[in-house]
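I opened this entry to record what I looked up, chain by chain and then across the contact. The structure comes before the notes.

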Amino acid sequence: MELVTPEIGLIFWTTIVFLLLLIVLKKYAWKPILAAVDERNKSIEDALKAADKAKKEMLALNTDNERILIQARKERDALLKEGREIKDNIITEAKDKAKLEADKILITAKEQINNEKMKAITELKNQVAEMSIDIAEKILKSELSDKNKQKELIAEALKSNELN
Amino acid sequence: MKTKIHILRSVLISLSVFVSTTNIFAENHPEEKVEKETYNPVPKIMHHIQNSHEWHLFDYKDNEGKLHPVSIPLPVILYTSGNLDFFMSSDFHHGHSDVQKENRIYSIDEHSHITAVNTEQKSMSIFDISITKNVASMLISVLILFLLLRATSAGYKKNKYAPKKIQAFLEPLILFVRDDIIKANIGPKYKKYTFFLLTVFFFIFINNLMGLLPGSANVTGNVSVTLVLSVFTFIITTVSANKNYWKHIFNPPTPLVLMPIMVPIEIFGVFTKPFALMIRLFANITAGHITILSLISLIFIAQSGAGNGAAWGVAPLSVLFVLFIYLIELLVAFLQAYIFTLLSAVFIGLAVKEDH
């Protein structure tokens, strides 16, 4: 049948045209197009990977920053605490010292007062003694001017000695 | 992109309907002038789907009612017993006259067959390698394809980023063929076969589409063209076949009793695969052309059978059906290119597959 009978001329030209097309398209179309597409795909992949990496780095940087911030805050707190402690210590120490000093002063003052008191007492005692002696002298003088009274006195004195 | 295709499609269809109708209106006055005989569309349809030495456009009727075909003359190249003869197909005057070159007299019959006799009326054997309608159409298609792909490829030099214009249209197609047909079916060794299969796909696709243009040739619906393409696939499959492939043919994993049946079947299969490729493409494309032409012919069958009124009645329905088939044919144009490439890739894939 005419329809399914191959024609030699058409086979000849189809073969030639197809082979030429294959060679030409390989050189001018498939190779450059596929190379360009592959290259573009690669560059897109690279760009995506780089973006991912940058994102990860950013994240790491952020956590790092946070860590540093937390540490700094901790250090600041520690410093503040230490300062407060030092301040408290200083105050307590100063208080203690002041108290000690005050106590010392108080003691010295007491001692001094005591001394002065003792001194005053001694002086008073001496004065009283002197005065007593004077009085006694005067009394004795007046007493002894009367002989009876002397005898009476002696007798009295003897009496008390005997009792002792 | 979608709108572009849409516009192209509408133009194609409207043109086709227009041209086909005028064509057949002209044919509506058969030379035999036999009244009351139903119009027979078969000769016109067969004429359309077959190759020819001239590119027939339309016929017109002069004042005396004589029919004149109008066609583009094509070069005739003949190799006859050592002599290469070259002349235009118009020299045959649509088959009304012979052409004589030295001692060789060429004549053409109504099936566009050229025969040669020498001056002593003895027939000579000839090789007809003329630029026929199909060859001319194929050359035009290939040129358009080359220009399209060249423009695509040039686009990548200017534009490193997202594809634009023609690039955006063809790149997805190229990558679809490479990734989903070639890579998916051949496997890791696909690279060697990429160029052949891509070329096959686009060659078939563009010729299918060009064949849908009104007045165009039926290139991929010609058995000679599909023969060449399937022979290429056959050669590549056979040449690149590994030990595993041959082992499977001559020593299939079947019980010994079945060997005498299986081995011939396997050997037969080697040839039926490309043969099926050839027939499938040829039959699908030809069938599409026949369907469209038959549906258009309905109008003239109605007219010759029941007059002008019936023709006008049938015409809208016929046009609607043709429109529908045309849309299907656009799908088929892609589908057949896809199937041919897919099956070629599958056959090559089977031939290079490693045993596992």
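**Ground rules.** The model is predicted, so I kept the cut-offs in view: local features need pLDDT of at least 70, side-chain atom pairs count only at pLDDT 80 or more, and totals for chains, interfaces and linings use all residues. Residues are numbered from 1 along each chain as its sequence is written, chains are lettered from A and ligands numbered from 1 in the order in which they are written, and side-chain values use heavy atoms, with hydrogens and water left out.

**Helix H8 of chain B.** Helices (H or I, at least four residues) and strands (E, at least two) are DSSP runs, numbered from the N terminus. H8(B) covers residues 259-306. I located a kink of about 30 degrees at B:Val270, shortly before B:Pro274. The bend is the angle between axes fitted to the seven residues ending at a residue and the seven starting there.

**Strands of chain B.** I took two strands as paired if DSSP finds at least two bridges between them. S1 (54-61) and S2 (67-73) run antiparallel, joined by 7 bridges. B:Tyr60 has B:His68 in S2(B) as its bridge partner. The two strands make a hairpin with 5 residues between them. In that turn B:Gly65 has a positive phi of about 85 degrees.

Next I checked the open sheet, which has 4 strands in the order S5-S6-S7-S8, paired antiparallel. S5 (99-101) and S8 (123-124) are at the edges with a single partner strand each, so one side of each lacks a neighbour in the sheet. S7 (114-118) pairs with S8(B) over 2 bridges. B:Ala116 is opposite B:Met124.

**Chain B against chain A.** Contact here means heavy atoms within 4.5 Å. Chain B puts in 50 residues and chain A 34. I noted a buried area of about 3,700 Å², 80% of it from carbon and sulfur atoms. That area is the accessible area (1.4 Å probe) that the two parts lose on being put together, summed over both. B:Tyr156, B:Phe195 and B:Thr199 supply 16% of what chain B buries against chain A, more than any other three residues.

How many salt bridges are there between chain B and chain A? I count 2 (a side-chain nitrogen of Lys or Arg within 4 Å of a carboxyl oxygen of Asp or Glu). One joins B:Glu171 to A:Arg40, with closest N and O atoms 2.7 Å apart. B:Arg178 and A:Asp38 also form a salt bridge, at 3.2 Å from N to O. This pair runs from H4 of chain B to H1 (residues 8-144) of chain A. Over all chains the count is 10 salt bridges.
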